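Let's take a walk through one protein structure. Have a look at the model first, and then we'll go through a few spots together.

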Amino acid sequence: MTQPAENQPQQGAVSLAQSSPTIGTFRERDGGLEWSGRQETLRIEPWGPDAVRVRSRLGGPILEGLPGALLESPPATSSTIKIEDGRGQLTVGTLTVEIDAEGLVRFLRTEDSAELLAEARAHFWWPGSRLYTAVGNGHHRLEQRFAAYDDEKLYGLGQHQHGRLDQKGLVLDLVQRNAEVGIPVLSSSRGYTLLWNNPAIGRVELAHNGTRWVADSARQIDYWITAGAPADGQRRYSAVTGRTPMMPEWAAGFWQCKLRYRTQDELLAVAREYKRRGLPISAIVCDFFHWTHLGDWKFDLSEWPDPGAMVRELEELGIKLVVSVWPSVSPLSENHQLMEQRGYFIGTQYGPMAHADWPDKEVASTVQVAFYDATNPEARDFMWSRVRDNYLIPYGITAFWLDACEPELKPGFSENLRYWAGPGLEVGNSYPAENARTFHEGLTAEGEEVITLNRSAWAGSQRYGAALWSGDIGTDFPTLRRQIAAGLNTALSGIPWWNTDIGGFHGGDPDDEAYREVMVRWFQFGALSPLMRLHGFRDPGMPLGPEMTGGPNEVWSYGEEAGAILERYLRLRERLKPYVLQVMREAHEEGLPPMRPLFLEFPEDHAAWSVDDAYLFGGDLLVAPVLTAGATARTAYLPAGATWTDAWTGETYEGGTTVTVDAPLDRIPLFLRDGARLPVAE
């Protein structure tokens, strides 16, 4: 059915301020609503309950099959379409979408027609709400503009180190960097969640005079939006991008790591000491440079002479071995020539096929390494075949640390890259998700549980069993403070498995009393994080290279007083494992993150939307980490709508109040919701 808008009665004339206003044509096609005008096609279609997908393109019909985060088929849902009075309208449950004669889009709450979000022109003449600036070969610099709202709070957008929970007023690059993870999912206090379904390099501007999404080079605008409170948004978003698997039971415990254990003997000595001391431990990590050459993806037997015996002993101790696997390949690797000949590396538009410099064994200087192209199915299969044949089949290793998976380009010129899936500017942000996909597909084919530890992620990474950590960060209280917002915004970006290097990464002297305090407070936070993992490059450090290692980083490395507190929180984590796994099941089945901002559970409490220094771990436990040096008390807001009990003292408080509780060095304030019973106190 096609109806020209100009042949219909008009509700509000088009703007005469424009030099030549566009009056488009509406049609209903395959259950969706299309508007066409001035060589642009705009298509809106149901995409799950209370949600739609919006795509627009200049110069032709909507393209199918472009890279994105949405699953191929949306959940079935009913909808209605009306085309009358010079307007088009599509209603899907609680969300109604209106398109006027000029192609401007508004998203409304169905029950009361309240505006949730609306496109806005940058200028009454030009440009409009959707801008296409040609960059050649059918690609455009794309801009999607929406109105700004003074009372709006905005959350999500991946993991960043700016320390802000509410990101209204910020400009954020949509690009992957160490510790900065661009995931273009936005949750609004106005009652919508939006996915910018485009892996292009770009940015999002959350200004007070408008919101603007920018893709530096892509072929069409593509986004998804749903109506509802943030918890509903998480459920809907995870349904259309894929839910996380159920977390393996072992992964809910404590992970021991440092940069780095240099040999098999050194790693085993640490594992044995944990068991000798009777301390809970679930995993230990074999970090980088354990390999022969970068990209060989196998143990150097001169340092790790019997990996099979190591894995067997660790299994007898109840410890899982996690092995670091990088996506980069040295020219000295046995795989380099074959991979280059078969086209398995990320290509370059100009210059040699090399993406970074990196140290390798048997050379005095760095070498120019290439990254395998994780967007290429054949390259994924080859890479996995090497990992499978060198780790899984001979030794039974099934847990992998996917470091440097942004990928870690030096310099970071995405415009010079050519992926199997498309030009670097168009598809570059999807690399970490595709890298996680390599391991998900490989492990699943072998009948294994899946969890990988990743330094970067993109929308949909969660469906591949990807856990994210906050990258190579500092080791002080201000950095610890920033991780709360980083973790909460990651949670609202659909990534439920998240953690930090406990104690931070860059430095930290285990013999320094000031740093020991940082470690204790960070360790307490880590014990109440989705994953609990101790890591860092402790003092004294060494230059980057195959011989490097850092200072000691085990719980007994921090002196008798601090060590006793760390041991206490190891045991707390072990007691809470059943609860952790219960919360992880909610992530798997419903898409709700383990680490939750207060407003996710209490959206009606206005004050809860501004709390950026505390969070809920699951639905029953409020965590208020101590984030300043020398503090012995902590003030925390307890949301209205529940009764809260201090998990240490048993004192009860009504919600909607701010309380100050004792927080000596050995205590992180914890509050139980509505009489919940958890084994916090020993």
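Predicted model: local features only at pLDDT ≥ 70, side-chain atom pairs only at ≥ 80, totals over all residues.

Take helix 2 (residues 264–276) and helix 3 (residues 307–316), which pack at an angle of about 5°, their axes 11 Å apart. Helix 2 and helix 3 are therefore roughly parallel to each other. On the helix 2 side, the contact is made by Gln-264, Leu-267, Leu-268, Ala-271 and Arg-272, and helix 3 brings in Pro-307, Met-310, Glu-313 and Leu-314. Sort those residues by type and you get six nonpolar, one polar and two charged.

Now find helix 9 (residues 513–527) and helix 10 (residues 559–590). Their axes come within 9 Å and cross at roughly 5°, which means helix 9 is roughly parallel to helix 10. Among the residues that meet here are Met-519, Val-520 and Phe-523 from helix 9, along with Ile-565, Leu-566 and Tyr-569 from helix 10. The contact of helix 9 with helix 10 divides into nine nonpolar, three polar and two charged residues.

## A lysine tucked away

Is Lys-361 buried or exposed? With a relative accessible area of 9%, Lys-361 is buried. You'll find Lys-361 in the loop between strand 25 (356–358) and strand 26 (367–371).

So what does its side chain meet? The side chains of Lys-361 and Glu-303 are joined by a polar contact of 3.2 Å. A polar atom of the Lys-361 side chain also lies 3.1 Å from the backbone oxygen of Phe-289. Leaving aside neighbours within four places in sequence, Lys-361 is in contact with several residues, including His-290, Trp-291, Asp-300 and Pro-546.

Notes
Residues numbered from 1 in each chain as written. Heavy atoms only, no water. Helix = DSSP H or I, 4+ residues; strand = E, 2+ residues; numbered from the N terminus. Buried < 20%, exposed > 50% of the residue type's maximum accessible area, 1.4 Å probe, protein only. Polar contact = N/O pair within 3.5 Å; in protein donor to acceptor, adjacent residues only side chain to side chain. Contact = heavy atoms within 4.5 Å. Axes fitted to C-alpha atoms, helices over the stretch in contact; angles between N-to-C directions. Parallel < 35°, antiparallel > 145°, perpendicular 65-115°, else oblique. Nonpolar A, V, L, I, M, F, W, Y, C, P; charged D, E, K, R; others polar.
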